[in-house]
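Hi,

I am passing a structure on to you, and I hope you enjoy looking through it. Please open it first, and then read my notes below.

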Amino acid sequence: MKTFDMKIWSHSLVYVLHALGGDKSSCNTPLQEIVHWQRYELLTHPVIRKLLEIKWQRSALMAFVVHGSLYMLFLAAWTAFIVSPVDSYDLPSDWWRIIILFVAIVTLVQQVAEEIWEYYYSLQQKKAYKKWRTIELLRDISLTRGHPEEVEYLNMKIAELNRSNSYLRDEWNYIDIATLVTLFVILLIHFVNISIQSDGLENIRVRISCLAALLIWCRLLKLGRVFPAISPFIAVIRGLVVDILRFIVVYIVIFIPFLINFWIIFGSAKASNGSNDTLTSGSSVTTSELKEFTALHHMAFMLFRMTLIDEYPYDAMRREDEVMALILVGSFLFITAVVGLNLFIALLSNTFQRVYDNTLAYSEMQHARLMLQLENTYGCFMIGQRYLNYIHNKCNPLVCTFDDDELSDQQDLRRATLQIRSTVKQIEQQLITQERLLKEQYESIANLQHELSMTQQTMKAHFNQGGGAVSRVTSPKRLPPLTLNKKRSAYLYQSHHPNIPNNLYSSMHSLQETPTSPIRRSSLRWVRTMPEE
């Protein structure tokens, strides 16, 4: 993956964006890799956010306007067609119905062509990426020198390239396919019903139209991902759908055994009596009192209403079998209504809080997904020569100046962050400088200690050679204090101790530069108290 960089100048930001791509190479761009692996932390990087901004302004905005206008026309035409059902057309009074039907068919064909083109473009892009990536992996295999673990891992990566499909990775494409198939079924039933005039087909068309109306309006949220105020909530809904499906699986596992128990105790005998209102043997409950138990689907819906604490015929069940009514109703309400619903609410709250705490990252991810989808759909318009020229000429590098007095709250926080970062870098440089100075001082002290130890050894050697063993230590004469006059001090000490070499005095004068040094005081005291020969 190509590298990118951001530099900070005085009152300006410099973005090096030309390497981030915009070219038509066979490899994926960094933005595609970030979206593919869902790296939310990279999308909040200032360089990636600037790239998204430029890509949106220079290429994706126009594609979004065209795409949004066509979809709004599609939404309006199909909404009008669904809410105004008709079995036949009376011309010329129903001319407007003909226009609505014509616009609905044309926009449906346009949406189908758009999905087919998006799928085809994603396949071509995936094919080019697979070819490039396979060559890279085979080259890596040739450089492994026969290590079986590395070869197996690289072969596994090659196999993963065959399984992945970029088009089906986006969950919105499943909604698109379901919507288009539903609308085609509605059109087919409508044209067949015009020919044969069947009430049953019309009822089926009306029921399917209810589902289609829900789907085409839900698809409108797909376009709302580009707006920062709406995209976090769309991301929350997407996360809630996953949690709802998980809860439904657990709920079904609990629901089915209770449904069987309720049917055995309260429903099977009533269903065998049909619709008669006769009394069952040994029971004072009529079939009309337990009409929810006459069919299995009625009983299932009644149990679902019990989960929501809705009305249910508890008195009739208690008169039928009081002990089992208490056990089944009490346990079912406790498990589903008390425990299950509260856990479900907590699960949804946790998902909402997790997504809402990362509003910026989720918003940028939804924005990037939509731009990549527009790129697949309107690829020839998105990656044009004009956009490529701007990226490689104007963004190499891109210098953005800013004024401290004309910043929003978010930009104010960004500027404060940059200032804090600059201050921290200055403090770090100062600490490094101080550490270097302290290290030099420690080295100079170590050198002085080494010179002093060498001087002491030299003096001991001279005393042993000059006077031999000293039987009696006489009190030293009082020596004159060290002065700043190096020549006079050296002469005075040399006159008292002629056997001391000259380099000893130079060492003592070097110690004289630090008058408070304990090394100097102790060494000079030792020299001054040295006995005469």
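A residue is called buried when its relative accessible area is under 20%, exposed when that value is over 50%, and partly exposed in between. Please keep in mind that this is a predicted model.

With those cut-offs, is I244 buried, exposed or partly exposed? Its relative accessible area is 34%, so I244 counts as partly exposed. You will find I244 in helix α9. The residue also belongs to a nonpolar patch on the surface, together with L221, I237, V241, L245, I248, I252, I256, I260 and I264. Taken together, the residues of this patch have about 820 Å² of accessible area. Which element gives the most to the patch? That is helix α9, which spans residues 231–272 and supplies nine residues.

Now for the aromatic rings. Searching the whole structure turns up 15 aromatic pairs. One of them joins W117 and Y120: the ring centres are 5.8 Å apart, and with 40° between the planes the pair is tilted. Why are these two separated by about one helical turn? Because W117 and Y120 are three residues apart in helix α4, which covers residues 95–142. Both can be sorted with the cut-offs above: W117 has a relative accessible area of 35%, so it is partly exposed, and Y120, at 42%, is partly exposed too.

Finally, have a look at the cluster that ring pairs build from F247, Y251, F255, F258, F262, F266, F332 and F344.

Happy exploring!

Technical notes: Residues are numbered from 1 along each chain as its sequence is written. This is a predicted model: local features need pLDDT of at least 70, side-chain atom pairs count only at pLDDT 80 or more; totals for chains, interfaces and linings use all residues. Side-chain values use heavy atoms; hydrogens and water are left out. Patches are made of residues with over 30% relative accessible area and no salt bridge: like charges are joined within 9 Å, nonpolar side chains (Val, Leu, Ile, Met, Phe, Trp, Tyr) within 5 Å. Accessible areas come from the Shrake-Rupley method with a 1.4 Å probe; for residues, only the protein chains shown count as cover. A salt bridge is a side-chain nitrogen of Lys or Arg within 4 Å of a carboxyl oxygen of Asp or Glu. Helices (H or I, at least four residues) and strands (E, at least two) are DSSP runs, numbered from the N terminus. Buried means under 20% relative accessible area, exposed over 50%, partly exposed in between (1.4 Å probe, protein chains only). Rings of Phe, Tyr and Trp (its six-membered ring) pair if their centres lie within 6.5 Å; planes under 30 degrees apart count as stacked, over 60 as edge-to-face and the rest as tilted.
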